[in-house]
Structures are given as C-alpha cells and as structure tokens.
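The sequence and the structure are shown below.

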Amino acid sequence: MRTTGSAAISIQSSVTRTMVLWCPDWPIIAAARTLEIDPVAPIALIEKGEVFACSAAARADGVRRGLRVREAQSRCSVLEVLPYDQAMDARAFEPIIDAIEQIMPGVQMLRPGTLAIRAQGPSRYFGGEDSAAYQLLFALAEQGLTDARIGIADGPFAAEQAARSTGPSSSLTAGMGAAPESARVRIIPDGGSAAFLSPMPVSLLALPSLAMLLRRLGLSTLGGFAGLPELEVRNRFGEEGAHAHRLAAGLDGSRVTPRIPPDELDVSISFEPPLDRIEQVAFGVREPAERFLDRLAKMSLVCTSIEVEITTERGMMRTRTWMHPRSFTPAEIVDRVRWQLQGTGQSRMARSDAGLDSAISTVRILPESVDAANHHEQGLWGNAPDERIHHGLSRVQSMLGHTAVLTATVGGGRMLIDRQVLVPWGDREQIARPADRPWPGSLPGLPPATVFPNQLACVVLAPDGTSVDIDDRGVLSGPPARFAPPGARSAGPVTAWAGPWPVDERWWDAEEGRELNRFQVVDATGEAWLLLLERGSWWAEGRYD
C-alpha cells in the first residue's frame, strides 16, 4: 500500500485489537434448540423460496445455500424443510450473550451467531489473548456450544476472517466430535492482519459489484486490492470503495460498541400458596401494576401494549398480548389480567368469583410496546370529552367483559360481509385482511348503506317469467325484468340494472371456493339493491338506502 509513514502509523494506532466469536451453522443450532429437533439430521432453513442455511448432513448430500427448495429436496430426499426465522435466531442467541457477559463485559453482537469483544481487557485479566480465548470457549461449552470458533486480530473484519479460517469444523463433517480448543482459536499478531488477509479473495468484502470489477482488472485477492494507491481508490470507487480498501489492508478502524442491556421493566408476582379465585389474583396484581407504570413514568414512557404471562401451580403457562389505543392505567392492567383468567368474552359478573381449574402461582407483566410520554400529553384545550367517553366505555367493559364493547372498522375482502370487522374497545386494530391490499373482484365505488348479516333470498325474472340465469360464457338467459325483494309476495318491474360482475374466489379450494356474479337493480319504488347470482339462486347482499 502506498502511503506516507506518519499516515500509516496514525491509521494503525486507531485500529482496535478485537476478539470475534463465530458459531458455525448458528441458524441450524437455533432452530434445533427452539423446535427441539436433532441438529445432526438433514435440515434446510428456507427464506423466499431458497435455502438460507443447511445442516452438515444436508451439505453432505449436496444441498447448498441459494438452491431452490425443489432442487434441494431432489438432492436429499429426507431433507427436513423449515422456514427461516431471523427473530428466533436472535432470541436463541440472547442466553449465549448473557453467559459471555458474566465473564467478559462489553459484547457487541455483529449478527446472531457472531459477536465481537475488545481484546485488551480480557487479555489483561486472564493473562494473555490465548488464555482469554480459551476461557471464552470453556464458558460456551457450558452452554452446549462445543464447536465455537474464535479469531483475534486488528479490527473486527480481520478477526472474523481469522475465526472462519480455524481448523476443520465439526459442523462440516457430520458425526465427528468437536475440534480441540487449540484448533478453534487463531490469533493474528499485532500488525500482521494485512499479511494474513493478503491471499484471501476480494469476495469477502461483501461488495459483489466491486469484487466483480476488481477481478476483471486482475485483482482477485485482498492483497492486490490493498496495493492500489488509497487516493486513486477513493477517487474511482468513492467512500464505500475506500472503506473496503482499508479493510483489505488490515486497517479496519471500526470500533467495538458494547451493547447496553435494557432495563428490566417487567414485574412478576408470585403467590404462596397459589390462589384459586379470580378476584384474589386481581387484588394481588393491583399494587405491582402501579409499580410497573411508575417505573415507566420515571423514564418518561407510557405503555401501549403489554404481555401477561400467567403460570399455574401445574406448570402451565397462558400468555396473551393486550393493546391499548392510548396508554394503560393500573386499573386497566388489572382488568386485562382478570379477563385473561375468565377467558375472553366471558361475563365478569358471571365468573368474577368463580373458581379456577388450576390455582395461579405466578403472574408476570411485560411491556410489549412503549412510547414517549410527551406523545400522550393533553392538547391545548384538554381532552375531557374523549376521556369521559373512554372512561364510560371502559367501565361498561370491565363489568360485562372484554368483548362486550366493540368498535367497527373496515377490513379487506371481496364480499361486503367479510369487510365488517369488530374490534374490542381498547384494542388496536389487528386486521387479518387489510383493506389496502388489492382485492380483485371486489365491488368498486360506494358500498351499500345496509349490508345484510346473512344473504336473503330474492327473485329476479326475465321477460318470459323464468328465473334469470347465466351460462359459462357469462351470457344471461334474459335481461332482468321483474324483481321480488326479500320477503315480498310478488315481483315488481325493474327500472334499471347493471352487471354482471363475476367473482371467482378460492377456485383451488373445493370446499371454500365460490363462483358467483354480482348485479345492481333498481325496483319500481326507487330502491337500489346489490344482488348475487350463485349456482342458479338469487340473493340480496345489501341495499342502497
């Protein structure tokens, strides 16, 4: 690399000596631990229809990352295919980080399965970098990770490559035991990262377009790229290329930023002996609920969503998330605990003093979602009317049950009845079929003012007095001439009509599929109706009042 001596010394001094821990096949390990499956079996995790990660047994049969699912299954007939869950990866890695922080604070997670630690502190405490690495391996072995890899070098980039270049991983060869500690640790001497990285391919920079261009220029290794003048690289490839150039030269100036463990905001209430009456549990939860919200208030936060975990004396756990359109009060948290014990939709008056199937030993309240308190302050003129409405409806709800007070919202769907969604008061809308998605076959324009809960039978006649029908080509047997509304004894003349608008819903499902045609008709009284013709029968779906 062409640079002045003083500049090289300055850049080198800013490089942090870093220890990187790498767990091979971590997505497979996380899935095996969470789903309680055998990690030695042929497993593939799928994301967007392609293999994201696979086990050693699957790789032995030719399965590779990036293969389509069918091709992977054709190579390994006993392959167990599972969806990849990034959140599950992170959750499964949290206990590993907690165990490491017991002996080495200052951990930064680069990604689930890979983390970085500043090497200076552990090496001084344990008497050298190699001793610190072995202590870390011993701590990981207690967590069941017997094949973790550790690399120590100048900067996180070189340290990670050192970890990945350790001895043969047992994850690459199914059935073999873990490699000895000495084969799972690689330490690059201080100042030797450039020489260590020099023969490695430029693809490690994770910049495909830059790597392809460098290979076309005959620079296939990091050492060749590092030999280019830094100023010319910056002028040609910009700041991104200059950063990659520093990585290739072993001058990674990235800092290790330790994670700050979040404050424990949840509260847990244990009952000894366990309580078997709902009102007893609700009374015991009231004071912890106040303490829970007071702790949030000191941090200038309010809680808009909570998770309630209820554990019985038999060890069964019932978990539910409760949401709020504004923010919870202690009384509302107590109500949610009571409703969860009663069962959603049950009447409080009917079951408030009923005995439980199993006594309750523990109730835990966790903040699922919090918001800044200043977002929930009163407006300039106050919000007394809204508060009175909310207080009144919440009071009715607390007496009659969670689903006793409902608010209406519009969802998605092709049929009008499918778009009616009722949400319990206090819950935020969670619509399984959002209205903003495309719904081919849905009714355009303004919907009818009245939508019947159940379709009502009606009669539509052609001029010759026969019921109007439609063939496979969408041709009517005759124009609608007379119409008998639901409940009418005789048919009157049709003054106007429009349609048909075909709907072919879930045609691949023999049980739930529907094929119908929509019509609009106006009768002699001037009322407009939305009608359905399904399998030769006429039905009224709504009325335009």
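**Charged side chains in a predicted model**

Asp-335 has a relative accessibility of 13% and therefore counts as buried, the limit for that class being under 20%. The model is a predicted one.

**A pair within one helix**

- Asp-335 and Arg-338 form a salt bridge, with 2.6 Å between the closest N and O atoms.
- Both residues belong to helix α14 (residues 330-342), where a spacing of three residues separates them by about one helical turn.
- Arg-338 also counts as buried, because its relative accessibility is 6%.

- A salt bridge joins the side chains of Asp-154 and Arg-17, at 2.8 Å from N to O.
- Asp-154 is part of strand β7 (residues 149-154) and Arg-17 of strand β1 (residues 17-22), so this pair ties together parts 137 residues apart in sequence.
- Asp-154 and Arg-17 are both buried, and together with Glu-129 they are linked in a network of salt bridges.
- Arg-518 forms a salt bridge with Glu-541, the closest N and O atoms lying 3.2 Å apart.
- Because Arg-518 lies in strand β19 (residues 514-523) and Glu-541 in strand β21 (residues 537-544), the pair ties together parts 23 residues apart in sequence.
- Arg-518 and Glu-541 are both buried.

- Asp-469 is located in the loop between β16 (459-461) and β17 (482-484).
- With 35% relative accessibility, Asp-469 counts as partly exposed.

Technical notes:
Residues are numbered from 1 along each chain as its sequence is written. This is a predicted model: local features need pLDDT of at least 70, side-chain atom pairs count only at pLDDT 80 or more; totals for chains, interfaces and linings use all residues. Side-chain values use heavy atoms; hydrogens and water are left out. Helices (H or I, at least four residues) and strands (E, at least two) are DSSP runs, numbered from the N terminus. Buried means under 20% relative accessible area, exposed over 50%, partly exposed in between (1.4 Å probe, protein chains only). A salt bridge is a side-chain nitrogen of Lys or Arg within 4 Å of a carboxyl oxygen of Asp or Glu.
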